[in-house]
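Subject: Structure handover

Hello,

Please find the structure below. My notes on it follow.

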Amino acid sequence: MTAALVVAAEETVGEKPARRARAGVFARRPGFLLASLYVAFVVAVAFRPALFTGQDPYATDPAAAMRAPSAAHLFGTDIYGRDLWSRVLHGSPLTIKATLIALVIALIAGLGLGIVSGFFGGLTDSLLMRVIDVLLAIPGLLLALSIVTALGYGTIPVAVAVGVGIVPGFARTTRAEVLRVKTLPYVEAARAGGASWTRVLLRHILPNSWGPVAVLAVLDAGVAIIAIASLSFLGFGAAPPAAEWGTLIADGRNYLVTAWWLSLLPGLFVALLVLSLNHIAKTFQEVTP
Amino acid sequence: MKRFAALTAGLTAAGLLALSGCGDGSGTAAAGQKTLKVSYWPDNPTFSCIDPFQVYWIESRSIIRNFADSLTDQDPKTGKIVPWLAEKWEISPDGKTYTFHLRDGVTFANGKKLDAQAVADNATGWIATVKATNGAAYGASYIQGLTGAKVVDPRTVEFDLSAPNSSFLQATSTTNLAITDPAEFQLTPAERCTGKGVVGSGLFALDHYSAKVETVLTKRAGYTWGSETSANRGEAKLDKVVFNYVAEDSVRTGNLVSGATDIAWPRNPFSPQDEQLITKSGDTVESRSLPGVAYNLYANTSAGHVLADAAIRQALSKAIDRKTYATTIYGADYPAVQGPFETTTPYFRSLSDKLAYDPDGAKKLLDAAGWVAGADGVRTKSGKKLIIDYPITAGSAGPELLQAQLKQVGIELGLRTLTTAQQATYLKEGSYDLTSTYFTRADPGALQFILNPEVANSKALAINATTPDVTKRIQELFAEALQTTDEKRTERAYAELQDYLVDQGVTIPLFERLQKVGVSAEVHGFAFTSESFLKLNDVTKD
């Protein structure tokens, strides 16, 4: 985690030759390239799923139900004869959208809480951090489950639930950064120069603390995807016939022995994405001096 | 930060363990002891109960059948009522008095005698239980009109009814009116639900009932009073029966195939894939249609709901391809539903013609009602889309196929997954356009407990299902069928009723409910009762 933070900190002040050298380091790692390509593919799918499949994800065809993977149906067909590849791709926008919403919630709330807490310190800090402690004490998935039960089913409630669950990490990271930046000479200089607290906060502390948090957001994308898939696996996802990745995996689990592709192929699709994100994050850590 | 990852990893691991089917922890039986293991789907989450009179959960009733006997039994092949605890009986010409002559020498599992006094005390206990539970006890539906019972002599007992009830004799053959040691009625209904004081005269004795975990029956020595519906009328051929509850269908099937359990008993029929897996591994799949009300759709016809229009209900019914539905969800040889009732229900009448798939007819009806096809395929009328709100529970197979079928004629079926809290309230709130339910009992009178607002399990569903004048006609037809002892009149009334229900679009049949059971190759003598419950009299295990 600290290594990643250092990378980001350096990026903000990075010089051009250093950057180019680092790009070379990345290019020499085929695993990193593959992972990046896969993530880029999934993101492209999330915005234009129809570009990658010609089949209707909702068209049932009982005569062609439960077909094993083939050229016509890359991922096979489900119990109603729907093309699973097309369903996985059309499930991407839902899951990616939920991930983005969760991250935005975590970013905004985490940044806000962290900055206020780190900057003002004292009683405010103690109070806010105790609230965060309470949130940290409740297992993330349990917290998400309780929130989603209160909000009802669907993509947005699931995103909100997961977002709230990862707020504490963001708040803690931001607070630590703010505590560090607060004592740096240029902040003192700005204060001495007569800048107001608001100005110091918005112009000097915030821009210099949010970098590491942004990197944390990328790292947490994988975690959020798993959490969202878990919740939709448990049946809290979008209304049928739309299917998030977790829903697809859950729908196929009764057929694991007889039609393995129903659960395993969507599962593989998600697993590869999360692995890729983790690999990218790890590469960032490794290439950091 | 890693909490999510760790947790999900943990969940996945737990899931995999469960999937591998190694979860069965029941120990090995003592040498020479024959123990049969049965895996059910989960026990009732809100009303776990093993008291015969109160319980409605099919799985519990199936267990009860094997530790508590009834006055009469019903032949699963013919539907005929045959002697059991009662050797013979008479019904008075006015249909209000039933006299039962009891078999001699029958005792409860605790040694007490099962005589006329015990039976009469049961009747008193039933009536008291109905009062104590405000009519919520399921058995209430079987003893309509019963005012009490009196002892004529130690082996003769007389039941008195305030009005004729032609389904009462069949009721005495059900598990809900099984005769138990009347001492149990001194306990509160809730205490009895846990199995406390529940003692029957069956070929097994209830050892213990741990709600949602397991139920254990042990063999009873000296049993000699089985009914003629089984070949073996004496002692059981098994020493012990253990029923457990397995939530995942694939795990239950896996348990059977791997030999961890002897009988896999799902609530919904096996998927065709699971069925293949079972037969391929040498085990067999037994199947019988559950008698009673089929899996029907019921509309919300109250004001402001789109299905208040009978034409749309008719169109909806015509747009359902029942044959494809059955074969896609449950396998190539699964029968299509033929009417509001299951084929094994007495007085069943096939209405296949009226339930034929007719998408063109549906489109015509919708056109005539002013619903025109919109750009996205969904019909609209004065700016309103034809959307039918159909609340479902998570993970149910089928609704998505129904949705696709209705889309063909321009009806959008909105599937809304309910939370557990919403499941309990959505009917009462009337926040639905379409819902579905079923009811298991080997008598058409069962439909009353869905559609007759006076006795229905959900009053809201009964009231919303149709208009007051249609409800009135349905009640009249039921009265005509029930308040008589003339077989012909009953038959005529029920035939008319079934036509009326389909013509009015009150019941929209979706699929026939088959009880499918996976039976290990080591188990012999498997049999269903007339209610498609498990009957263990002839069952033995290698």
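The domain bounds used here come from an automatic or database domain assignment. On that basis, chain B is divided into domain 1 (35-287 + 516-541) and domain 2 (292-512). The centres of these two domains of chain B, taken over C-alpha atoms, are 30 Å apart.

Some notes on how to read the values. This is a predicted model, in which local features need pLDDT of at least 70 and side-chain atom pairs count only at pLDDT 80 or more, while totals for chains, interfaces and linings use all residues. Residues are numbered from 1 along each chain as its sequence is written, chains are lettered from A and ligands numbered from 1 in the order in which they are written, and side-chain values use heavy atoms, with hydrogens and water left out.

Between the domains of chain B

Domain 1 of chain B and domain 2 of chain B bury about 1800 Å² between them, 53% of it on carbon and sulfur atoms. Buried area is the accessible area (1.4 Å probe) that two parts lose on being put together, summed over both. In domain 1 of chain B, the residues that lose the most area to domain 2 of chain B are B:Gln144, B:Ser166 and B:Pro269, together 23% of what that side buries.

Between these two domains of chain B there are 0 salt bridges, a salt bridge being a side-chain nitrogen of Lys or Arg within 4 Å of a carboxyl oxygen of Asp or Glu. The rule does find 6 residue pairs in polar contact across this interface (both at pLDDT 80 or more). A polar contact is a pair of N or O atoms within 3.5 Å; within protein, one must be able to donate a hydrogen and the other to accept it, and residues adjacent in sequence count only if both atoms are side-chain atoms.

On the side of domain 1 of chain B that touches domain 2 of chain B, helix H2 (58-64), helix H4 (168-171) and H7 of chain B each give two or more residues. Helices (H or I, at least four residues) and strands (E, at least two) are DSSP runs, numbered from the N terminus. The residues of that side divide into 10 nonpolar, 10 polar and 5 charged. For these classes, Ala, Val, Leu, Ile, Met, Phe, Trp, Tyr, Cys and Pro count as nonpolar, Asp, Glu, Lys and Arg as charged, and the others, Gly among them, as polar.

Between the chains

In the interface of the two chains, 31 residues of chain B are in contact with 36 residues of chain A, where contact means heavy atoms within 4.5 Å. Chain B and chain A bury about 2900 Å² between them, 66% of it on carbon and sulfur atoms. The count of salt bridges between chain B and chain A is 3. A:Arg253 forms a salt bridge with B:Glu248, with the closest N and O atoms 2.8 Å apart. There are also 5 residue pairs in polar contact between chain B and chain A (both at pLDDT 80 or more).

Elements of chain B that give two or more residues to the side touching chain A include helix H1 (3-19), helix H6 (249-258) and strand E18 (412-417). H1(B) supplies the largest share of that side, 6 residues. By class, the side of chain B that touches chain A has 15 nonpolar, 11 polar and 5 charged residues.

Single residues

B:Ser289 lies in strand E12 (residues 284-289) of chain B. B:Ser289 has a relative accessible area of 8%, so it counts as buried; buried means under 20% relative accessible area, exposed over 50%, partly exposed in between (1.4 Å probe, protein chains only). The side chains of B:Ser289 and B:Glu512 are joined by a polar contact of 2.9 Å.

B:Pro42 is in the loop between strand E1 (35-40) and H2 of chain B and is partly exposed, at 31% relative accessibility. B:Pro42 and B:Arg267 are 225 residues apart in sequence, yet 9.1 Å apart in space, C-alpha to C-alpha.

Backbone geometry

Most residues other than glycine have a negative phi, and most peptide bonds are trans. A:Met66, not a glycine, has a positive phi of about 60 degrees, and is buried, with a relative accessible area of 16%. B:Lys212 has a phi near 65 degrees and is partly exposed, at 45% relative accessibility. A cis peptide bond joins A:Pro240 and A:Pro241, with omega about 10 degrees.

Regards
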